[in-house]
Amino acid sequence: MKAGILCPISALPSSYGVGDFGKNAYTFVDQLKKSDVKIWQILPLNPLAYGNSPYQPYSSYAGDELYIDLEDLVNDGLLEKDELKTFNKQAETVEYEAVRTHKEDLLRLAYKRFEFNDDFKQFIKDNKWVEGYALFRTFKLTNEGKPWTEWHEEYKEFPKQQSFELLPFEKEINYQEFLQYYFFKQWYALKKYANDQGIMIIGDMPIYVGLDSADCWLDQEDFLLEEDGTPSFVAGVPPDYFSEFGQRWGNPIYDWNHLEKTNFKFWIDRIHSANKLYDEVRIDHFRGFDTYWKIPTSEPTAVVGEWVEAPGYALFDKLFEEYPDTHILAEDLGLLRDEVYELRDHYNFKGMYIFQFHYKDEFDFDKVVVYSGTHDNDTLMGWYDNLDKDSLKDVELLLDGYKERKLHRQMIHYCMDLPAESVIIPVWDLLGEPETSRFNTPGTIGSPNWEWKMSRFTEFNKEMKFMKKIIHDTNRDETL
């Protein structure tokens, strides 16, 4: 039995305005090790696009240069120490655009001093997607940052026609490749360090890609698009306990008929890439492999749409035929039909139990990972403070007998007592953060979503002492 912490990279303390792969990430791992935590779960690392959401990325393969550690570039002789300037060091939120501007100048300066070595060349050779992604970002810059559906025609149609010479763009393409080289160089070093400490990394993969993404631009035939590239239908979910109007995400819908004819190459490559990046991959909105909500693009909400069956069994059969060591965690939340659980159980994927949703429900804990909440929930304390009287009584009855003085600790202790193999606690729940620290509210866009971060480790270290005690008390201190 194991315990874990959910903490996005962006939420780590940082001297440069956003959590990154630098020394504080290693300090975080050291504290997990010291406290006998065996799992670190993060959110997608792909390049943030619309609304700074990690679920609307510019690519399924690339990493966001936002997380590159500038001090490592100093160690490699690409920056001088006195060129680094701290930025929003004590801020409790991430100012994404300001941070990007701050880091961009330094990253471009480092690139000017970088010499293309054999290691870089091997990275490009081993990662075929890099060239296409670098081209996408270069063309996006050339077209004033507009979505690819609004680019000048020759850029928009380049994947199909390749009608002009790329030499004038070579410098920018190489810069984008340089960013990816350093992103993966630093990430794999951090992951190895965590693994060497006995800590596994659970990553996260959105089931859909953004319309304005290299994936969609390069593989347009894999999606249901109009001639001009705009989506014929968009993804989302109908009304549920998250939202009375449902969630209209706006992502393009897959052309599953075409994907099946290609032996699901798009999906198999995508999942395999994620499994190299992490030890296990949580696939967001797993139910979309059983049935997906298909919303006409003209609809302003997700209320109008239809459920359409997806070839989930055919996809996963092919995936495990090619990559039998794939490790998947299924996000199986929401109002689901029985067939979703049958699909999940057929491949022995673990599902999710969320305390805030399920504390009244009977569960087979052999089939789930327990969470106090997720990135889409209110914080534990925010949730508790908004309970009605009857629900408050139910929760107080559950917690009767737990002696911790702080209420959030009682709820965490309760979760850790549940008989699941793994229990994962979001860092904001561990810290007892209020409703104002909520990481994301589904169905809403922009600030303050995705912006919360720890400004310092002080309180975290105190709570991790409690975490270590509870881990031992609940026998969750096994060695991997």
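Two strands pair if DSSP finds at least two bridges between them; helices (H or I, at least four residues) and strands (E, at least two) are DSSP runs, numbered from the N terminus. By that criterion, β1 and strand β2 (residues 39-41) are parallel partners joined over three bridges. The structure is a predicted model, in which local features need pLDDT of at least 70 and side-chain atom pairs count only at pLDDT 80 or more, while totals for chains, interfaces and linings use all residues. Residues are numbered from 1 along each chain as its sequence is written, and side-chain values use heavy atoms, with hydrogens and water left out.

**The parallel sheet**

- An open sheet is formed by eight strands in the order β9-β6-β3-β2-β1-β12-β11-β10, with parallel pairing.
- The edges are taken by β9 (328-330) and β10 (351-354), each with a single partner strand, so one side of each has no neighbour in the sheet.
- On average, neighbouring strands of this sheet are turned by 25° against each other, direction ignored; axes are lines fitted to C-alpha atoms, for helices over the stretch in contact, and angles run from 0 to 180 degrees between N-to-C directions.

- Five of the five residues of β1 are buried, where buried means under 20% relative accessible area, exposed over 50%, and partly exposed in between (1.4 Å probe, protein chains only).
- Lys2, Gly4 and Leu6 point one way from β1, Ala3 and Ile5 point the other way, and all are buried.
- β12 is likewise mostly covered, with five of its five residues buried: Ser422, Ile424 and Pro426 point one way, and Val423 and Ile425 the other.
- β1 pairs with β12 in the parallel sense over five bridges; lysine 2 stands opposite serine 422, and leucine 6 stands opposite proline 426.
- Towards β2, the bridge partner of glycine 4 is isoleucine 39.
- Strand β11 (residues 368-371) pairs with strand β12 (residues 422-426) in the parallel sense over two bridges, and valine 370 has valine 423 in β12 as its bridge partner.

**Helices α16 and α17**

- Helix α17 (residues 407-417) lies across β1 (2-6), β10, β11 and β12, and runs at about 160° to β12.
- Ser391, Val395 and Leu399 are buried in helix α16 (residues 389-399). They cover an arc of only 75° around the axis, which puts them on the same side of α16; the arc is that of the directions from the helix axis to the C-beta atoms.
- The buried residues of α16 pack against α15 (380-385) and α17, with contact meaning heavy atoms within 4.5 Å.
- Lys389, Asp390, Lys393 and Leu397 are exposed on the face of α16 turned away from its buried side.

**Packing of α4 on α8**

- Helix α4 (residues 118-126) packs against helix α8 (residues 170-196) at an angle of about 95°, with the axes 10 Å apart.
- The two helices, α4 and α8, are therefore roughly perpendicular to each other (angles under 35 degrees count as roughly parallel, over 145 as roughly antiparallel, 65 to 115 as roughly perpendicular and the rest as oblique).
- Asp119, Phe120, Phe123 and Ile124 of α4 meet Glu177, Phe178, Gln180, Tyr181 and Phe184 of α8.
- By class, this contact has six nonpolar, one polar and two charged residues (Ala, Val, Leu, Ile, Met, Phe, Trp, Tyr, Cys and Pro count as nonpolar, Asp, Glu, Lys and Arg as charged, and the others, Gly among them, as polar).

**Histidine 285**

- Histidine 285 lies in the loop between β6 (280-283) and β7 (291-296), and is buried, with a relative accessible area of 7%.
- Not counting residues up to four places away in sequence, histidine 285 touches Ile207, Tyr208, Gly236, Val237, Trp249 and Glu331.
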